[in-house]
Amino acid sequence: MSARILIVDDDPALLEALPDAIALRMNGITIDTCETAPGALDKIQQTDYDVIVTDIKLPGMDGLELLDQIKLLRPGTPTVLITGHGERDLAVRALRGGAYDFVQKPIDRDYFVASLERAIQVRGLDRHVDQQRLELERHARVLQHIDRGVFLVDEEGIIRYWNPAAQSITGLATDELVGRRADEALPGWDAIGPEVPVAQVPGPGSTEAKTLPLDIEGRELWVSISGVQFEDGIVYAFRNLTEERALDELKGEFVATVSHELRTPLAAIYGAAQTLRRADVQLGDENRARLLEVIAAESERLSRIAGEILLASNLDSGRFSVERQQLEVEELVTEVVDEMRAVVASRQDIVIDLVAKNGLSPVACDGDKLRQVLINLLDNAVKYSPDGGRIEVRVEPHDNCVRFVITDEGLGIPHGEQQRIFGKFYRLDPRLTRGVGGTGLGLYICRELVRRMEGRLSVTSSEGRGSSFVVDLPAAVVETSHSKRVSQPA
Ligand code: ADP
């Protein structure tokens, strides 16, 4: 047994003899000695002894007082008191005060050693229990901080544990759940509980988690969940998959939209090419030119779609940089507006007006990217104005920025959708009920491009009355007139 003992006594003869006597009977014991109570307290402060042995009567401070001090400093250390003959009452008081044991003078060495051995054993057990408690506390803390929802359902079906992640994923508070039956407290548990795969032993590959829905206050929460059986019940772990599922659905819609978007021009090209190939039909020059026109226009549309998909993927992966140059924007905006006017020339019902305020600062931006953003916003303004109307492009100074506002009188966007339209692949009308095609990538690309030029793209809209898309780009600082390439993080 290896242990460290402190003996406190003002009798030098006893301090001389006792350690030797103990050392003879107990292996691996280290013994410190001290003659005074203050000296003993110093040592106790520095060393966590396994046992402290002290005379009950010490000069300056008696053993009972010392005992109190020891209890404050080292509440777990057993203290054995040495009492004089006939000091039984004192000894009893010491025991009441928390002493572990007492021995009477003259000391019976065998009894003393037996008492020390027991005290050392008790101390060892205490330490072990403390260590286990600390470990349990650490485990509990881990469960408190883990990012998966973890809960325990006992054999009676009662929830015994519900960690903070479970609370934040579901919004169901720990004190509302713990102590209640899982099938009553957890909405939908009676249906999904039996579906959850439960392993008999923990570890990788023992069970695949299953994706199941919880119905929380009318909100469907998709979780990937599995359980492990143990003697007190089943411990379940889950994570939130709602967003991933929404993304999957969105991807599904994207595939549907894109395949539709690809099929329409392909069908037109195919039809035109087939007609051109027919030997039995005499096509006049005019018809031939019209069909070739269809092929050229639809090919361009295909290449635009491919370009959008590629650009969105480059923006995502960070393989993208923007040039930032000091640019006078008025000329660029005029060109864009003229271009769009030419494109929509066949639509008599659409008017595009340009309002450019005086005193515009130059902008630090990539001219090509700004052009792309404005064309996209204008294209949308036209696309989503099926009944025509006036489209206004306004350019004006705004704080330290130049502001571009594209306003239409078209379909407008419901309030709840106004942030979502900037999401990747997001279309308000994925099933094309309004007959307007698109990949749902345009606004995502616009917002990313504007963000990379340190600007901001936002929208205000009223359903059925029209929309205003606003681009704010920071005005250029005049000293930095030379061009510089800014590589953008993802
Ligand atoms: P796409 O036009 O290819 O569908 P966008 O990302 O450009 O993709 O736009 C996303 C959605 O936002 C569109 O499907 C449309 O529903 C809506 N939207 C965009 N611009 C307008 C606008 N000016 N007026 C009404 N709705 C718009």
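**Note on the predicted model: helix packing, sheets and ligand shell**

1. In helix 10, the residues E261, L262, P265, A268, I269, A272, A273, T275 and L276 meet R288, L291, V294, I295, E298, S299, R301, L302 and I305 in helix 11. Sorted by class, this contact of helix 10 with helix 11 comprises 12 nonpolar, 2 polar and 4 charged residues.

2. Helix 10 spans residues 242–277 and helix 11 spans residues 285–317; their axes come within 9 Å and cross at roughly 155°. Because angles over 145 degrees count as roughly antiparallel, helix 10 is roughly antiparallel to helix 11. The crossing of the two helices is left-handed.

3. Helix 11 has a further packing contact, with helix 14. Here the angle is about 40° and the axes are 10 Å apart, and the two helices are therefore oblique to each other. Helix 11 passes helix 14 in a crossing that is left-handed. From helix 11 the contact draws on E308, L311, A312 and L315, and from helix 14 on G442, Y444, I445 and E448. By class, the residues of this contact of helix 11 with helix 14 divide into 5 nonpolar, 1 polar and 2 charged.

4. Which helices supply at least two residues each to the shell around the ligand? They are helix 13 (367–383) and helix 14, and helix 14 gives the most, with 3 residues. There are 21 residues around the ligand, and Y384, L428, G438, G442 and L443 come nearest. The shell around the ligand has 10 nonpolar, 8 polar and 3 charged residues.

5. Strands of a sheet pair through backbone hydrogen bonds, in either a parallel or an antiparallel sense. This sheet has 5 strands in the order 2-1-3-4-5, with parallel pairing. Strand 2 (29–34) and strand 5 (101–104) stand at the edges with a single partner strand each, so one side of each has no neighbour in the sheet. On average, neighbouring strands are turned by 20° against each other, direction ignored.

6. Within that sheet, strand 1 (residues 3–8) pairs with strand 3 (residues 51–55) in the parallel sense over 4 bridges; the bridge partner of I5 in strand 3 is V51. Helix 2 (residues 37–46) packs on the sheet and touches strand 1, strand 2 and strand 3, with its direction at about 165° to that of strand 1. Helix 3 (residues 63–73) lies across strand 3 and strand 4 (79–83), and runs at about 155° to strand 3.

7. Strand 6 (residues 149–154) has two antiparallel pairings to record. With strand 11 (residues 233–240) strand 6 pairs over 6 bridges, and G149 has F238 of strand 11 as its bridge partner. With strand 7 (residues 159–162) strand 6 is joined by 3 bridges, and F151 has W162 of strand 7 as its bridge partner. Strand 6 and strand 7 form a hairpin with 4 residues between them, and G157 in the turn shows a positive phi of about 85°.

8. Strand 18 (residues 466–474) likewise has two antiparallel pairings to record. Strand 16 (residues 401–407) is joined to strand 18 by 7 bridges, and V405 is partnered by V470 of strand 18. Strand 17 (residues 456–462) pairs with strand 18 over 7 bridges, where V459 stands opposite F469. The hairpin of strand 17 and strand 18 has 3 residues between the strands, and G464 takes a positive phi near 85°.

9. The peptide bond from K105 to P106 is cis, with omega near -10°; P106 is found in the loop between strand 5 and helix 5 (109–145). D399 has a phi near 45°, a positive value in a residue other than glycine, and D399 is placed in the loop between strand 15 (389–398) and strand 16.

Key. Residues numbered from 1 in each chain as written. Predicted model: local features only at pLDDT ≥ 70, side-chain atom pairs only at ≥ 80, totals over all residues. Axes fitted to C-alpha atoms, helices over the stretch in contact; angles between N-to-C directions. Parallel < 35°, antiparallel > 145°, perpendicular 65-115°, else oblique. Left-handed = near helix turned anticlockwise from the far one by under 90°. Contact = placed C-beta atoms within 7 Å. Nonpolar A, V, L, I, M, F, W, Y, C, P; charged D, E, K, R; others polar. Pairing = 2+ DSSP bridges. Near = placed C-beta within 6 Å.
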